[in-house]
Amino acid sequence: MEQPINFFSGFSFNDLLFLGEAAGRTILISILSITIGTIFGCLFGWILQVSGTAGAVSVGAFLDIFRSVPLIIQLILFYNFAPMIGLSLDPFASGVIVLSIYAAALVANVARGGIEAVGRPMRRAARSLGMSYWQDMRYVVWPIGLRAVFPAWVGVALGVMKDSALVSVLGYVELLKASQILITRTQEPFIILTVAGAFYFALSYPLSRYSARLEERWSQ
Amino acid sequence: MIEIRDIHKYFGSLQVLKGIDLNVEKGEVLSVIGASGSGKSTLLYCINGLEKIQQGSIRVDDVDVHAKGTDINQLRQNLGMVFQQWNSFPHLTTIENVALSPRIVKKKSRAEARDIAAAQLKHVGLGDKLDVYPSALSGGQQQRLAIARALAMEPEYMLFDEATSALDPELVGEVLDTMRLLAEEGMTMICVTHEMGFARDVSDRVAFFHEGIMEEIGPPKQIFGDAISAHTQKFLANVR
């Protein structure tokens with residue numbers, strides 16, 4: 001009698017490695033997007049702060065679009081329409097670009113809040129000592145503002161990391177996509193999603209612990 | 001010497017300074033008194049260029065503060081300013097607060113900036129608080145820290161904007177004593193103040209401001225004993 005063909009096989013050690021590798025891709029796309037998004041977010045936040053109403057209307061409105069349209073729609077639109085304007089990007093590059101803009105839009109408001117957290121009297125005191133505008137920004141506004149909004153920034157960073165799961169819709173094999181592949185094969189969603197969730201936790205937890213420790217140190 | 005010629009200052013349509021003329025000589029201590037909103041604090045902000053003026057001129061040692069080509073950051077190093085709110089940098093220790101500007105603005109080495117800072121902190125009586133954060137200091141101590149921070153730039157002029165107004169009454173004395181010390185050392189000072197005792201005892205001259213106009217200026221004896229303007233007499237009668 002012939003052996004029945006087995007389409008499904010159980011969760012194995014190799015699958016864990018597969019998930020680990022995918023977690024690496026989640027880390028990669030997250031770090032890239034958060035870094036790029038933070039740099040541009042600080043720039044946009046500064047523009048919002050210095051330009052007042054004009055900035056709020058132009059830059060603010062532009063950023064609002066990216067903050068309010070669901071990320072999954074942004075990803076699909078960008079990935080499918082980019083080739084029309086001659087950009088043929090793979091899922092990874094598309095994901096980094098969209099996630100970076102999304103992160104920048106979120107960080108912009110955090111950054112503006114940070115600059116505004118340093119009151120006008122403090123800044124005048126710095127300028128009265130002979131500091132230039134940029135010296136005031138670098139040595140007074142940045143360190144004080146950073147401490148004020150760091151928890152908010154960590155929230156954005158953790159959010160972007162979790163939202164990076166949505167890049168799976170473009171076919172990029174990060175943690176969530178890898179889990180889906182394994183579920184299809186093993187039919188064991190409970191184990192696999194638990195393991196994937198544990199990976200996400202393992203990625204987030206050090207960051208939130210580290211930020212809590214920084215906050216503790218700064219509050220002294 | 002600070003030479004103020006016919007300055008006019010508006011906030012929107014509100015005119016807060018209506019043609020002030022004033023000279024302050026090297027070594028002089030001038031107290032500026034008057035009701036809130038009389039323009040006396042704004043005058044200080046105009047002197048170091050934190051506020052623009054719409055008419056007139058202010059010259060400090062023959063440099064026009066509001067002229068286009070003036071290096072305002074250079075000029076401000078010579079015009080120390082102490083505010084009502086002390087504005088300590090909360091992320092820096094006391095000595096770092098004072099050493100920051102000498103280091104980044106005057107480009108002194110770290111060691112040199114620390115030496116300057118330590119000397120100035122000792123000067124204002126905070127020699128035992130070098131490595132604490134401002135949050136551990138009282139308001140009076142933080143205000144003295146602000147004075148040390150301004151002095152670390154080695155200014156020839158000091159501007160005090162109601163330096164004791166935000167302090168608890170029991171802490172006013174230590175700050176006034178520090179200001180007195182500077183006056184005795186020959187510092188040129190313009191003090192906007194509500195401390196009439198200080199104005200009377202320490203100043204060479206007292207100016208009374210009323211609704212954007214300098215109503216009266218003269219030696220303390222004259223202002224406090226024999227004021228000409230009815231506004232001055234009324235103000236002094238009320239604060240006593």
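This is a predicted model: local features need pLDDT of at least 70, side-chain atom pairs count only at pLDDT 80 or more; totals for chains, interfaces and linings use all residues.
Reading along the sequence of chain A gives the pattern α-α-α-α-α-α-α.

Stop 1: Along the principal axes, its C-alpha atoms fill a box of roughly 95 × 50 × 20 Å. The radius of gyration of chain A is 22 Å, whereas a compact globule of 220 residues would have one near 17 Å. Of the 220 residues in chain A, 37% are buried. Now consider contacts in chain A between residues at least 6 apart in sequence: 79% of these join residues at least 24 apart.

**Stop 2: helices H2 and H3 of chain A.** Select residues 71-81 of chain A for helix H2 and residues 91-117 for helix H3. At what angle do these two helices pack? The angle between H2 and H3 of chain A is about 135°, and their axes are 10 Å apart. H2(A) is therefore oblique to H3(A). The crossing in which H2(A) passes H3(A) is right-handed. To see the contact, show A:Leu71, A:Gln74, A:Leu75, A:Phe78 and A:Tyr79 in H2(A). On the H3(A) side, they meet A:Pro91, A:Ser94, A:Gly95, A:Ile97, A:Val98 and A:Tyr102. Colour this contact of H2(A) with H3(A) by class and you will find eight nonpolar, three polar and no charged residues.

**Stop 3: one residue, A:Ile115.** Stay in helix H3 of chain A, where A:Ile115 is found. Is A:Ile115 buried or exposed? A:Ile115 counts as buried because 21 other C-beta atoms lie within 10 Å, and the cut-off for a buried residue is 20 or more. Leaving aside neighbours within four places in sequence, A:Ile115 is in contact with A:Gly45, A:Trp46, A:Gln49, A:Val141 and A:Gly145. For a distance check, pick A:Ala82, which is 33 residues from A:Ile115 along the chain. The C-alpha atoms of A:Ile115 and A:Ala82 are separated by 35 Å.

**Stop 4: helices H4 and H5 of chain A.** Next, select H4(A) and H5(A), whose axes come within 10 Å and cross at roughly 130°. H4(A) and H5(A) are therefore oblique to each other, and their crossing is right-handed. From H4(A), the contact uses A:Met122, A:Arg123, A:Ala126 and A:Arg127. From H5(A), it uses A:Asp136, A:Val140 and A:Val141. By class, the contact of H4(A) with H5(A) has four nonpolar, no polar and three charged residues.

**Stop 5: where chain A touches chain B.** Show chain B as well. How many residues does the contact take from chain A and from chain B? Chain A gives 17 residues and chain B gives 20 residues. In chain A, the elements that give two or more residues to this side are helix H4 (120-128) and helix H5 (133-163). The side of chain A that touches chain B divides into nine nonpolar, five polar and three charged residues.

**Stop 6: helix H3 of chain B.** Finish by selecting residues 94-104 of chain B, which form helix H3. This helix is mostly covered, with nine of its eleven residues buried. Among the buried residues of H3(B) are B:Ile95, B:Val98, B:Leu100 and B:Arg103. What do the buried residues of H3(B) pack against? Their partners are H5 of chain A together with helix H4 (110-123) and helix H5 (139-151) of chain B.

Key
Residues are numbered from 1 along each chain as its sequence is written. Chains are lettered from A and ligands numbered from 1 in the order in which they are written. Helices (H or I, at least four residues) and strands (E, at least two) are DSSP runs, numbered from the N terminus. The radius of gyration is taken over C-alpha atoms; the globule rule is 2.2 Å times the number of residues to the power 0.38. A residue is buried if 20 or more other C-beta atoms lie within 10 Å of its own, exposed if 12 or fewer, and partly exposed in between; C-beta atoms are placed from the backbone. Two residues are in contact if their C-beta atoms, placed from the backbone, lie within 7 Å. Ala, Val, Leu, Ile, Met, Phe, Trp, Tyr, Cys and Pro count as nonpolar, Asp, Glu, Lys and Arg as charged, and the others, Gly among them, as polar. Axes are lines fitted to C-alpha atoms, for helices over the stretch in contact, and angles run from 0 to 180 degrees between N-to-C directions. Angles under 35 degrees count as roughly parallel, over 145 as roughly antiparallel, 65 to 115 as roughly perpendicular and the rest as oblique. A crossing is left-handed if the near helix is turned anticlockwise from the far one by less than a right angle, and right-handed if clockwise.
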